[in-house]
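Here are a few exercises to work through with the sequence and the model open side by side. Try each task before you read its solution.

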Amino acid sequence: QVQLVESGGGLVQPGGSLRLSCVASGFNLDYYAIGWFRQAPGKERERVSCIDSISSTDGSTYYGDSVKGRFTISRDNAQRTFLEMSRLTPEDTATYYCMIGTPWGNYWGQGTQVTVSA
């Protein structure tokens, strides 16, 4: 009943940009917090960005220190969220996942690979 599908990953040169999207089916994203996470080989999972629900909050956002000023999270509509990424560096290489946090559990997408390489 609930499915999250990320897209937009790919190979990009340092300094480039990508826009990741996550489309939800089965529920309305406006009611839940949305998070973008990433995990690179040999590293711990990192929280990249989050946006709070607009039902319980005013949709405040969070950004990890490593991506502040470069990444922007947004909620396009009730079924879609975006992560705009710019000035990418090789350290941004990872599999990126979107997550929806609900009182009944967390839902994760399958991930989309971002590779930053010259």
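## Exercise 1: Aromatic rings

Phenylalanine 37 has a relative accessible area of 11%, so it counts as buried (buried is under 20%, exposed over 50%, partly exposed in between, with a 1.4 Å probe and protein chains only). Before going on, a word on the model: it is predicted, so local features need pLDDT of at least 70 and side-chain atom pairs pLDDT 80 or more, while totals for chains, interfaces and linings use all residues. Residues are numbered from 1 along each chain as its sequence is written, and side-chain values use heavy atoms, with hydrogens and water left out.

Task: find the aromatic pairs and describe the geometry of each.

Step 1. Count them: the structure holds 2 aromatic pairs. The rule is that rings of Phe, Tyr and Trp (its six-membered ring) pair if their centres lie within 6.5 Å; planes under 30 degrees apart are stacked, over 60 edge-to-face, and the rest tilted.

Step 2. Take phenylalanine 37 with tryptophan 108: the centres are 5.1 Å apart and the planes make 55°, a tilted pair. Phenylalanine 37 belongs to strand β4 (residues 33-39) and tryptophan 108 to strand β10, so this pair ties together parts 71 residues apart in sequence. Strands are DSSP runs (E, at least two residues), numbered from the N terminus.

Step 3. Check the cover on tryptophan 108: its relative accessible area is 33%, so this residue is partly exposed.

Step 4. Now take tyrosine 97 with tryptophan 108: at 6.4 Å centre to centre and 80° between the planes, they form an edge-to-face pair. Tyrosine 97 sits in strand β9 and tryptophan 108 in strand β10, 11 residues apart. Tyrosine 97 is partly exposed because its relative accessibility is 24%.

## Exercise 2: Charges over rings

Task: which arginines lie over the faces of phenylalanine 37 and tyrosine 62?

Step 1. Apply the rule: NZ of Lys or CZ of Arg must be within 6 Å of the ring centre and within 35 degrees of the ring normal.

Step 2. Over phenylalanine 37 you will find arginine 45, at 5.5 Å from the ring centre.

Step 3. Over tyrosine 62 you will find arginine 47, at 4.1 Å from the ring centre.

## Exercise 3: Cysteines

Task: say which cysteines form a disulfide, and where cysteine 50 stands.

Step 1. Look for cysteine sulfur atoms within 2.5 Å of each other; this gives 1 disulfide.

Step 2. The partners are cysteine 22 and cysteine 98, with sulfur atoms 2.0 Å apart. Their link is right-handed, with 45° about the S-S bond.

Step 3. Turn to cysteine 50, which is in no disulfide: the nearest cysteine sulfur is that of cysteine 98, 12 Å away. Cysteine 50 has a relative accessible area of 14%, so this residue is buried too.

## Exercise 4: Tryptophan 104

Task: is tryptophan 104 buried or exposed, and where is this residue found?

Step 1. Its relative accessibility is 68%, so tryptophan 104 counts as exposed.

Step 2. Tryptophan 104 is in the loop between β9 (94-102) and β10 (105-108).

Definitions and conventions:
Helix = DSSP H or I, 4+ residues; strand = E, 2+ residues; numbered from the N terminus.
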